[in-house]
Amino acid sequence: MEELNEQLEQIVKDNQTILNMEVIDYDFVNLVRKNMYDTALAYLTLKKKTVLIKRLSWKNASSEHIMQIIERGLVQLRYDLKSEVDVKLLKFISLD
């Protein structure tokens, strides 16, 4: 769980970096999103949330649905770790 805590803190830092960017670095954004996915998947696997894991890999799942599962997983991880990180920074950053 310590490794997941470190990953959670890194996600928050990286999302804050994205918010502070004047010019969006899409490679960095994609890297952060991959880290969010990997961290959520590791947490869901650890907690044996097989239904959610299957939905993450379900071919017919919309990207919005997958993003919601990842965000929910990260927020639940935050509560399990009793972490003080900002919940808002555990969401996918809108690039609009």
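Modeller: In this predicted model, helix axes are lines fitted to C-alpha atoms over the stretch in contact, and angles between N-to-C directions run from 0 to 180 degrees.

Biologist: At roughly what angle do the axes of helix H1 and helix H4 cross?

Modeller: Helix H1 spans residues 2-20 and helix H4 spans residues 63-81. Their axes come within 11 Å, and the crossing is at roughly 125°.

Biologist: Which residues of H4 make the contact with H1, and how many residues of the contact are nonpolar?

Modeller: H1 passes H4 in a left-handed crossing. From H1 come Leu4, Asn5, Leu8 and Ile11, and from H4 come Leu74, Leu77, Arg78 and Leu81. By class, the contact of H1 with H4 has 1 charged, 1 polar and 6 nonpolar residues.

Biologist: Over the ring of which residue does the charged end of arginine 78 sit?

Modeller: Arg78 is one of the H4 residues in the contact with H1. Its charged end lies 5.0 Å from the centre of a ring, that of tyrosine 79.

Biologist: Is H1 roughly parallel or roughly antiparallel to H2?

Modeller: The axes of H1 and helix H2 (residues 26-46) come within 10 Å and cross at roughly 155°. Angles over 145 degrees count as roughly antiparallel. H1 is therefore, relative to H2, roughly antiparallel.

Biologist: How many residues in the contact of H1 with H2 are charged?

Modeller: The crossing of these two helices, H1 and H2, is left-handed. Residues of H1 including Leu4, Ile11, Asp14 and Ile18 meet residues of H2 including Phe28, Val32, Met36 and Tyr43. The contact of H1 with H2 divides into 10 nonpolar and 6 polar residues, and the number charged is 1.

Biologist: How are H2 and H4 oriented to each other, and what is the handedness of their crossing?

Modeller: H2 and H4 pack with axes 9 Å apart, at an angle of about 60°. They are therefore oblique to each other. The crossing of H2 and H4 is left-handed.

Biologist: How many residues of the contact of H2 with H4 are nonpolar?

Modeller: In H2, Met36, Tyr37, Thr39, Ala40, Tyr43 and Leu44 meet residues of H4, among them Ile69, Ile70, Gly73 and Leu77. The contact of H2 with H4 contains 1 charged and 3 polar residues, and its nonpolar residues number 9.

Notes. Residues are numbered from 1 along each chain as its sequence is written. This is a predicted model: local features need pLDDT of at least 70, side-chain atom pairs count only at pLDDT 80 or more; totals for chains, interfaces and linings use all residues. Side-chain values use heavy atoms; hydrogens and water are left out. Helices (H or I, at least four residues) and strands (E, at least two) are DSSP runs, numbered from the N terminus. A crossing is left-handed if the near helix is turned anticlockwise from the far one by less than a right angle, and right-handed if clockwise. Contact means heavy atoms within 4.5 Å. Ala, Val, Leu, Ile, Met, Phe, Trp, Tyr, Cys and Pro count as nonpolar, Asp, Glu, Lys and Arg as charged, and the others, Gly among them, as polar. A charge sits over a ring if NZ of Lys or CZ of Arg is within 6 Å of the ring centre and within 35 degrees of the ring normal. Angles under 35 degrees count as roughly parallel, over 145 as roughly antiparallel, 65 to 115 as roughly perpendicular and the rest as oblique.
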